[in-house]
Amino acid sequence: GKGLVIASAHLGNWELAARCLVNEGCPVTVIAREPENPDFAEFVNQTRETGGYRVLYRGSSSVRELLTVLRRNEGIALL
């Protein structure tokens with residue numbers, strides 16, 4: 001009832017891992033760095049949106065927003 005914080009090194013495919021968590025019933029918000037290449041950013045954002053999880057970009061989210069995610073008993077993934 002207190003949410004989940006997932007912290008890991010940047011290993012493996014987090015896009016797939018986040019989808020798996022969502023499919024297992026664990027809503028997830030991923031903290032990510034926004035891609036520098038606009039074409040790649042468009043592709044990644046489309047992939048993330050269809051994955052069913054939320055993405056907050058570093059520097060654009062507040063601690064209060066993250067605490068709200070945890071209070072909703074959801075997960076936050078940090079690489």
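Which residues point one way from S2, and which point the other way? Val28, Val30 and Ala32 point one way, Thr29 and Ile31 point the other way, and all are buried. Buried means under 20% relative accessible area, exposed means over 50%, and partly exposed lies in between, with a 1.4 Å probe and protein chains only.

## Basis of the model

This is a predicted model, in which local features need pLDDT of at least 70, side-chain atom pairs count only at pLDDT 80 or more, and totals for chains, interfaces and linings use all residues. Residues are numbered from 1 along each chain as its sequence is written, and side-chain values use heavy atoms, with hydrogens and water left out.

Helices (H or I, at least four residues) and strands (E, at least two) are DSSP runs, numbered from the N terminus.

## The sheet

Four strands make an open sheet. Their order is S1-S4-S2-S3, and the pairing is parallel. Two strands count as paired if DSSP finds at least two bridges between them. At the edges are strand S1 (4–7) and strand S3 (54–57), each of which pairs on one side only. From one strand to the next, the twist averages 20°. Axes are lines fitted to C-alpha atoms, for helices over the stretch in contact, and angles run from 0 to 180 degrees between N-to-C directions.

S1 pairs with S4 in the parallel sense over four bridges. Isoleucine 6 stands opposite alanine 77 in S4. Strand S4 (residues 75–78) also pairs with strand S2 (residues 28–32), in the parallel sense and over four bridges. Valine 28 has glycine 75 of S4 as its bridge partner, and threonine 29 has isoleucine 76. S2 and S3 pair in the parallel sense over four bridges as well. Here valine 30 is opposite valine 55 in S3.

Threonine 29 belongs to S2. Its relative accessibility is 1%, so threonine 29 counts as buried. What is threonine 29 in contact with, leaving aside its neighbours within four places in sequence? The residues are Arg54, Leu56, Val69, Glu74, Gly75, Ile76 and Ala77. Contact means heavy atoms within 4.5 Å.

## Two packed helices

Two packed helices are described by the angle between their axes and the distance between the axes. Helix H1 (residues 14–23) packs with helix H2 (residues 38–51) at an angle of about 15°, and their axes are 9 Å apart. H1 and H2 are therefore roughly parallel to each other. Angles under 35 degrees count as roughly parallel, over 145 as roughly antiparallel, 65 to 115 as roughly perpendicular, and the rest as oblique.

H1 and H2 cross in a right-handed way. A crossing is right-handed if the near helix is turned clockwise from the far one by less than a right angle, and left-handed if anticlockwise. H1 contributes Glu15, Arg19 and Val22 to the contact, and H2 contributes Val44, Thr47, Arg48, Thr50 and Gly51. Of these contact residues, two are nonpolar, three polar and three charged. Ala, Val, Leu, Ile, Met, Phe, Trp, Tyr, Cys and Pro count as nonpolar, Asp, Glu, Lys and Arg as charged, and the others, Gly among them, as polar.

## Residues in the loops

Leucine 11 is in the loop between S1 and H1. With a relative accessible area of 64%, leucine 11 is exposed. Leucine 11 and leucine 79 are 68 residues apart in sequence, and their C-alpha atoms are 8.4 Å apart in space.

Arginine 33 lies in the loop between S2 and H2. Is arginine 33 buried or exposed? Its relative accessible area is 51%, so arginine 33 is exposed. Not counting residues up to four places away in sequence, arginine 33 touches Tyr57 and Arg58. From arginine 33 to alanine 7 the separation is 26 residues in sequence and 15 Å in space, C-alpha to C-alpha.

Asparagine 73 is placed in the loop between helix H3 (63–71) and S4. At 43% relative accessible area, asparagine 73 is partly exposed. Its phi is near 65°, a positive value in a residue other than glycine.
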